[in-house]
Amino acid sequence: MQERCNRIPIALQVHTKTHKNPEIARMQLRQGAVGICCQKLGEAEVMVAGGIEENILIPYNIVGEQKLVRLARLARRARLTVAVDSEYTARGISEQLKKDGASVGVLVEIDTGGKRTGVQSPQAAVELAQTVSRLPNLELRGVMTYPSRIEAKPVMEETIELFRRAGLPLTEISGGGTGAEAVSKEIGCNVTRSGSYAFEGLERINTTTNPPNPVSCATRVIVTVVSTPTPERIIIDAGQKRFERNPPNPYGYVVEYPEARIYAMSVEHGHVDVSACSHRFRVGERLMVIPQHQETTLNLPEEVYGVPKGRIEVVWPVAGRGKMR
Ligand SMILES: Cc1ncc(COP(=O)(O)O)c(C=O)c1O
């Protein structure tokens with residue numbers, strides 16, 4: 001990923017919500033990433049505790065007193081930037097930081113078609129940016145959007161033009177999404193945020209041109225067959241609580257037997273249709289499953305194991321596990 005971004009060229013700010021581990025983040029920084037992103041304040045606290053104190057972006061509206069107090073505490077230790085899409089959020093952050101003697105960088109988020117957060121027009125982005133630039137203890141740094149889509153080019157160009165005309169700072173124009181690095185550049189960004197590439201799940205690669213394979217998709221969950229009630233159905237010891245993911249169906253890809261289909265999940269059990277498999281499954285057998293989405297699946301285990309050639313080479317604690325606040 002770093003080589004890809006160097007070639008484009010565009011600065012890479014790695015999103016750590018995929019692995020939630022400061023050691024992996026440091027590996028990414030050593031490769032040349034300009035900084036890290038954390039989706040939640042709790043994840044940022046973990047990264048700072050792990051020794052990363054430079055250029056941390058939280059591309060998330062931080063709202064509510066408890067979080068603001070924590071943000072201010074963190075901002076006294078680390079160089080933070082946050083994203084905002086409303087005056088309410090910006091004012092809340094500014095007031096708390098002023099009280100606590102801290103400051104943060106701010107990006108104004110614009111919705112360029114992702115239909116999640118973000119102000120709804122270039123004009124609204126400029127208005128919010130003007131407000132931010134007048135608020136104490138906030139340093140306006142630019143704009144961000146997610147995901148980077150080529151259709152966003154005219155909106156981004158207009159936004160950049162309006163910022164320049166208004167004399168607003170635009171140090172950072174930040175886009176994001178694994179696979180969208182070149183698009184980020186094309187639509188005018190100077191930074192791109194990619195995360196999932198580190199531990200990819202099935203969701204974006206399960207296509208005929210990009211089927212699950214050990215190179216493009218590193219995440220595996222090792223499961224055990226705990227019941228073989230009928231010749232067509234086996235039950236594995238991993239259900240919704242393990243994968244933390246409801247449909248889409250199938251729920252995961254069984255590496256050893258791609259014809260097996262995980263068609264349902266109860267809380268603690270995975271239900272697998274094996275009618276298309278010639279193999280006769282037995283209780284106690286272990287299987288490797290590539291989950292639908294690496295992040296929800298990796299949100300709860302205490303550790304992940306780096307297994308390059310069939311042997312565990314490294315154990316990484318999922319330091320930010322369950323840090324949803
Ligand atoms: C705001 C933001 N930036 C960047 C990313 C990284 O995207 P990806 O995981 O596709 O690399 C995400 C992922 O959800 C995101 O929400």
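I take a contact to mean heavy atoms within 4.5 Å. With that noted, I looked through this predicted model.

**Entry: overall fold**

I looked up the contacts between residues at least 6 apart in sequence, and 63% of them join residues at least 24 apart. For secondary structure, I found ten helices and 16 strands in the protein.

**Entry: dimensions**

Along the principal axes, I got a box of roughly 70 × 40 × 35 Å for the C-alpha atoms.

**Entry: surface and charges**

I then asked how much of the protein is buried, and the reply was 49% of the 325 residues. The accessible surface comes to about 15,500 Å², and carbon and sulfur atoms hold 50% of that. I also looked up the charges: there are 41 positive and 36 negative ones, and their mean positions lie 2 Å apart.

**Entry: a stop at Gln-39**

Where does Gln-39 sit? I found Gln-39 in the loop between strand E2 (35-37) and helix H3 (41-49). Is Gln-39 buried or exposed? Gln-39 counts as buried because its relative accessible area is 14%, and the cut-off for buried is under 20%.

I went on to its neighbours, leaving out residues up to four places away in sequence: Gln-39 touches His-15, Lys-17, Ile-58, Pro-59, Tyr-60 and Arg-116. With His-15, I also noted a polar contact of 2.6 Å between the two side chains.

Definitions and conventions
Residues numbered from 1 in each chain as written. Predicted model: local features only at pLDDT ≥ 70, side-chain atom pairs only at ≥ 80, totals over all residues. Heavy atoms only, no water. Helix = DSSP H or I, 4+ residues; strand = E, 2+ residues; numbered from the N terminus. Buried < 20%, exposed > 50% of the residue type's maximum accessible area, 1.4 Å probe, protein only. Areas by Shrake-Rupley, 256 points an atom, 1.4 Å probe, with all protein chains shown as cover. Lys, Arg positive; Asp, Glu negative; His and termini not counted. Charge placed at Lys NZ, Arg CZ, Asp CG, Glu CD. Polar contact = N/O pair within 3.5 Å; in protein donor to acceptor, adjacent residues only side chain to side chain.
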